[in-house]
Amino acid sequence: MSDVIYVSKETLEQMKIDLHHMKTVERPAASKAIAEAREKGDLRENAEYDAAKEAQGMLEAKIKKFESDLAIARILDADAIDTSKVSILTKVTVTNIKTKKSVTYQIVSEKEADLKSGKISVGSPIGQGLLGKKKGEVAEVQAPAGVIQFKIESISA
């Protein structure tokens, strides 16, 4: 597990909102579901009660994970990003040398990764392969289909 999670200010705020929702809405709902299932009789043969307890346990684990992530989260300031090389929060345009296709990715934390919006995790194979590279360099990325070579076309904030 990483010692620090780097996130944007927006992501940190969303994490706080999600945690608050889990604690104030989902946790009471889980307790209510357990109480309702308990009223239905013998707990040894009550599948509804078992399911409600399991759902509550998973919710509590999720809350604990969010709390620990928030404790180690650090905000990255987009204005202070060094664009001389690929780093977290930079946008990088790369060309696949084999297919000649260009694509732009933003390198983000695991929490913010969303391939559909062009945001890839710093911990992903492509993210790892691009980190530290400069414009004009070729990054070799180990993928399940083999090594893919990407030429760094541009880096921006």
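In which strand is serine 121 found? Serine 121 belongs to strand β5, residues 119-121. The model is predicted, with an average pLDDT of 89 for the protein and 98% of the residues scoring at least 70.

**Confidence**
- Strand β3 (residues 91-96) has the highest confidence, with a mean of 94.
- Confidence is lowest in strand β1 (residues 5-7), where the mean is 80.

**Annotated domains**
- An unreviewed UniProt entry lists residues 5-75 as "domain: Transcription elongation factor GreA/GreB N-terminal".
- Residues 83-156 are 8% helix and 45% strand, with end C-alpha atoms 6 Å apart.

**Helix α2**
- Helix α2 runs over residues 47-72. Its 26 residues should span 38 Å at 1.5 Å a residue, and because the end C-alpha atoms are 38 Å apart, the two values agree.
- The buried residues of α2 are Tyr49, Ala52, Gln56, Leu59, Ile63, Phe66, Asp69, Leu70 and Ile72.
- An α-helix has 3.6 residues a turn, so residues three or four places apart point the same way.
- Against which elements do the buried residues of α2 pack? They pack against β1, α1 (9-38) and β2 (73-75).

**Nonpolar cores**
- The largest nonpolar core has 14 residues. Val86, Val92, Val94, Ile107, Leu130 and Ile152 have the most contacts inside this core.
- Two or more residues of this core come from each of β3, β4 (102-108), β6 (138-143) and β7 (146-156). Strand β7 supplies the largest share, three residues.
- Apart from this core lies another, of 13 residues, among them Met22, Leu59, Ile63 and Leu70.
- Beyond four places in sequence, isoleucine 107 touches Val86, Ser87, Ile88, Leu89, Thr90, Val92, Ile120, Val122, Gly127, Leu130 and Leu131.

**Serine 121**
- Is serine 121 buried or exposed? Serine 121 is buried, because its relative accessible area is 11% and the cut-off for burial is under 20%.
- A polar atom of the serine 121 side chain lies 2.9 Å from the backbone nitrogen of glycine 123.
- With neighbours within four places in sequence left aside, serine 121 is in contact with Val108, Ser109, Glu110, Ala113 and Gly127.

**Threonine 90**
- Threonine 90 sits in the loop between β2 and β3. This residue counts as buried, at 0% relative accessibility.
- Not counting residues up to four places away in sequence, threonine 90 touches Ile81, Asp82, Lys85, Tyr105, Gln106, Ile107, Ile155 and Ser156.

**Glutamate 137**
- The loop between α3 (125-130) and β6 holds glutamate 137.
- Glutamate 137 counts as partly exposed because its relative accessibility, 34%, lies between the cut-offs of 20% and 50%.
- Gly132, Phe150, Lys151 and Ile152 are touched by glutamate 137, not counting residues up to four places away in sequence.
- Glutamate 137 and lysine 85 are 52 residues apart along the chain, and their C-alpha atoms are separated by 9.9 Å.

How values were computed:
Residues numbered from 1 in each chain as written. Heavy atoms only, no water. pLDDT = per-residue confidence, 0-100. Helix = DSSP H or I, 4+ residues; strand = E, 2+ residues; numbered from the N terminus. Core = buried A, V, L, I, M, F, W, Y, C linked by side-chain atoms within 4.5 Å. Buried < 20%, exposed > 50% of the residue type's maximum accessible area, 1.4 Å probe, protein only. Contact = heavy atoms within 4.5 Å. UniProt positions renumbered as here; feature names shortened; annotations may be inferred. Polar contact = N/O pair within 3.5 Å; in protein donor to acceptor, adjacent residues only side chain to side chain. Expected span 1.5 Å × (residues − 1).
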